[in-house]
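Please look at the structure shown below.

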Amino acid sequence: MEHGTELPTLPASGCTPEQAWALFDRLPAVAVSEITTGRWRGAELDTGHPWAGVLVESGWYGKQFDDADTVHPLLFTDGAGAVFPVDPRRVPLGLAGQVPLPAIRAARKTLRYTGFAIRTGKPAARLRGIEYRGVLSAAMVYDHLPIIDHFRRVDPDTLLGVMDLRGMSDPYFFVLRK
C-alpha cells in the first residue's frame with residue numbers, strides 16, 4: 001500500500017459474508033516471507049457461518065508458523081491452558097455446525113485428558129503464495145485435507161483469513177493476531 005493509505009479495520013462484531021468479502025478484497029496481500037514465525041492467536045469473524053462458535057468453543061487457540069514448510073494449522077488449548085498442535089485429520093470437521101455448542105463446550109472440558117488422541121508433533125501444512133480472488137498472497141495449504149487458508153494483511157500483527165474447503169459453500173472467515 002502507498003504511504004498514508006489507511007488499511008480497513010476489522011468489524012468489532014459480526015458482519016455479513018458480503019461485507020467480509022469486501023473487506024478481504026480491499027486488504028493488501030501478504031508475502032510468505034512477511035508472516036513472522038511463532039504462535040498466532042485465532043478468532044473467528046462471525047458472518048453467520050454454520051460453524052460460528054464451533055472452533056472457539058472447542059478450544060481452538062490458533063496457528064503456529066515455524067517456517068514456510070513447517071506449519072501447525074490447528075493449535076488447541078486444554079482446560080489447564082496448555083497449547084498443543086492437533087492433527088487436522090483427527091478433527092471431525094463433518095460434525096462442525098451440526099453439534100450444539102453446549103455439547104462442544106462439554107467435550108472441550110475433557111481435552112486435558114483426551115487430547116492425546118488428537119495431538120501431533122508433526123507439522124501438517126505449508127505456506128505458499130497462491131493467487132486467490134485475483135491477488136497473489138500467502139496461503140496455508142493443509143498436507144492431508146482439501147483445505148487452503150488464504151491470508152490478507154490487516155496490519156503488521158494481524159491477518160484476515162478465509163478457509164477454502166472443498167465442498168463448503170459458505171466462506172469461513174477468521175482473524176490471526178501475532
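Q: How does one read burial, and are D149 and K63 buried or exposed?
A: Buried means under 20% relative accessible area, exposed means over 50%, and partly exposed lies in between (1.4 Å probe, protein chains only). D149 is buried, and K63 is buried as well. The model is a predicted one, in which local features need pLDDT of at least 70 and side-chain atom pairs count only at pLDDT 80 or more, while totals for chains, interfaces and linings use all residues. Residues are numbered from 1 along each chain as its sequence is written, and side-chain values use heavy atoms, with hydrogens and water left out.

Q: What joins the side chains of D149 and K63?
A: Side chains of opposite charge can pair when their charged atoms come close. A salt bridge is defined as a side-chain nitrogen of Lys or Arg within 4 Å of a carboxyl oxygen of Asp or Glu. The side chains of D149 and K63 form such a bridge, at 3.0 Å from N to O. D149 belongs to strand β7 (residues 147-155) and K63 to strand β2 (residues 60-67), so the pair ties together parts that are 86 residues apart in sequence. Helices (H or I, at least four residues) and strands (E, at least two) are DSSP runs, numbered from the N terminus.

Q: How many salt bridges does a search of the whole structure find?
A: The search finds five salt bridges. One of them joins R133 and D25, whose closest N and O atoms are 2.7 Å apart. R133 lies in the loop between β5 and β6 and D25 in helix α1 (residues 17-26), so this pair ties together parts that are 108 residues apart in sequence. R133 is partly exposed, with a relative accessible area of 43%, and D25 is also partly exposed, at 35%. Another bridge is formed by R126 and D143, with 3.5 Å between the closest N and O atoms. Here R126 lies in strand β5 and D143 in the loop between β6 and β7, so the pair ties together parts that are 17 residues apart in sequence.

Q: What is the phi angle of R133?
A: R133 has a positive phi of about 55°, although it is not a glycine. The loop that holds R133 runs between β5 (125-132) and β6 (135-142).

Q: How is a polar contact read, and which backbone oxygen lies 3.2 Å from a polar atom of the side chain of H49?
A: A polar contact is a pair of N or O atoms within 3.5 Å; within protein, one must be able to donate a hydrogen and the other to accept it, and residues adjacent in sequence count only if both atoms are side-chain atoms. For H49, the oxygen in question is the backbone oxygen of D170. H49 lies in the loop between β1 (38-44) and α2 (54-58) and counts as buried, at 7% relative accessibility. Contact in the wider sense means heavy atoms within 4.5 Å. Leaving aside neighbours within four places in sequence, H49 is in contact with M168, D170, P171 and Y172.

Q: What is a nonpolar core, and how many residues has the largest one?
A: A nonpolar core is a set of buried Ala, Val, Leu, Ile, Met, Phe, Trp, Tyr and Cys residues joined through side-chain atoms within 4.5 Å. The largest has 27 residues, and I35, F65, M140, F151 and L176 have the most contacts inside it. The elements that give two or more residues to this core are β2, β3 (70-77), β5, β6, β7, β8 (158-165) and β9 (172-177). Another core, of 14 residues, lies apart from it and includes L23, F24, L45 and L160.

Q: How are aromatic pairs read, and how many are found?
A: Rings of Phe, Tyr and Trp (its six-membered ring) pair if their centres lie within 6.5 Å; planes under 30 degrees apart count as stacked, over 60 as edge-to-face and the rest as tilted. A search of the whole structure finds nine aromatic pairs. The rings of F24 and F173 have centres 6.5 Å apart and planes at 65°, so this pair is edge-to-face. F24 lies in helix α1 and F173 in strand β9, 149 residues apart. Both F24 and F173 are buried.
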